[in-house]
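Please look at the model below before reading on.

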Amino acid sequence: MSRLMVSISGLRGEVGSTLTPEIIVRYTQAFAKFVKDGKVVLGRDSRVSGPFIADLVRGTLVASGCQVIDIDIVPTPTVQLEIEHHQAAGGIAITASHNPIQWNGLKFMGSDGRFLPPAQAQQVYQMADRNQSSLQGWENLGSVIFDDQAIERHIEKVLNISFLDVEAIRKRKFKVAVDTVNGAGGHIIPQLLEALGCEVIAINQEPNGRFAHTPEPLPENLIQLSEAVRQHGADVGFAVDPDVDRCAIVDNEGQPIGEEYTLAIATKLVFSKQLGRMVVNMSTSRASEDIARYYNCMFVRSKVGEINVAEKMKEIDAIIGGEGNGGVILPEVHLGRDAPVAVALTLQALLEHGGTMKELKASLPQYEMVKKKVSIEGMDPDQILQQLADKYKDQQINTLDGLKIDFEDSWVHLRKSNTEPIVRVIAEAPTLEQAEELADRFMKEISEK
Ligand code: MG
């Protein structure tokens, strides 16, 4: 049986085993106490288990005296935006992000519409562990309001991004294929594309939670989208994950360009119009870094995890940031990964480039990344990483999150897993062979320890 995963990105478990009604109620009560019975925005992705979990969460919040704004099936970033819109004390998104159908979970957000910073998330988890009651008497029960305008407001906000020339995009009449994997993006992404004057070829757009393929938007899962692009001669294809915070791109020949390039395209567009600061996580491609350096912009790397990137962005007042897994953060909209934002920025970039998506990708710094893992059964991961840090101390090393070693035109990032006896090895280099070779070299070094 899988474990209940409790991390800075929230709570995740398998329905019917680890994610039980009891667990859901317990964590929701803890969150109700955390927001002091305030107003809470509640949204969910399209998973089959979503309605029963929403019933439990909604009921528990009302029983705890909270006023619930229920916005039903929406992207996670829409929940974040609606917290600001309704000036709520917090929000809960019922989602297991890119995990397969049997998973679901809760993501908790604060009054600023961002995920809870690690210290606050810890507070909620500790309250859940203590299993303290948040329940109120009949005279202090909360209430529920249903709001079906959240997606329209999100689209409006994206169309108002200052870096977009919406009229020019409309005139270009892009032909766009989109795969929302029967997740929560089934309405917002096609509607946004139509608002941008695109001819839309939508596949797997029914938000019924029956994922048409493995839902993580990795190249190997984009076969249907690639076919749709080729069959219809589309200019570009977009795939989003079930809760619509990650966006992957397929070029005009049906070739996935790699999730890392979603952020690189957005970065180049933003810095070509406004100079400012940027934050990405430790494992994000150097392509974005090269672009930031080209524009002489400050570039900072944070720990892995959306909240860590967002916190750093707020601290240094960054104008763009994100994670290489297709997660673009544009603070002008809000401090969270947002696939609709990524889609709109990509179309603007494609318009300004003037060529095809394949040519646009080729115009960016070229890197290849490989992600592997090595078993360290019976070994101490911290000790292994410390030994390697000592060995490579003459190189440029960073120990903020695991161990990252930067070389001239390549890097390797080693991170221990908190749930399995493995070390993740992420390597990037100008060619796939070099990246493979670098990763293999470090896997060997680790397993020989
Ligand atoms: Mg996600």
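Into which domains is the chain divided? The domains are domain 1 (5–148), domain 2 (154–250), domain 3 (260–362) and domain 4 (368–447), with bounds taken from an automatic or database domain assignment. This is a predicted model, in which local features need pLDDT of at least 70 and side-chain atom pairs count only at pLDDT 80 or more, while totals for chains, interfaces and linings use all residues. Residues are numbered from 1 along each chain as its sequence is written, and side-chain values use heavy atoms, leaving out hydrogens and water.

**Domains**
- Between the C-alpha centres of domain 2 and domain 4 the distance is 34 Å.

**Nonpolar cores**
- A nonpolar core is a set of buried (under 20% relative accessible area, 1.4 Å probe, protein chains only) Ala, Val, Leu, Ile, Met, Phe, Trp, Tyr and Cys residues joined through side-chain atoms within 4.5 Å.
- The largest nonpolar core has 73 residues, and Phe238, Leu345 and Leu347 have the most contacts inside it.
- Helix α12 (residues 339–353) provides the largest share of this core, nine residues; helices are DSSP runs (H or I, at least four residues) numbered from the N terminus.
- Beyond its neighbours within four places in sequence, Leu347 is in contact (heavy atoms within 4.5 Å) with residues including Ile169, Phe174, Leu193 and Phe238.
- A second, separate core has 30 residues, among them Leu11, Ile92, Leu116 and Tyr125.

**Lining of the second largest pocket**
- Domain 3 (260–362) and domain 4 (368–447) each give at least three residues to the lining of the second largest pocket; a pocket is an open set of points on a 1 Å grid over the protein atoms alone, where a 1.4 Å probe fits, with protein on both sides within 12 Å along at least five of seven lines, and lining residues have an atom within 4 Å of a point.
- Residues of this lining include Arg286, Phe299, Asn398 and Asp406.

Key. Buried < 20%, exposed > 50% of the residue type's maximum accessible area, 1.4 Å probe, protein only. Helix = DSSP H or I, 4+ residues; strand = E, 2+ residues; numbered from the N terminus.
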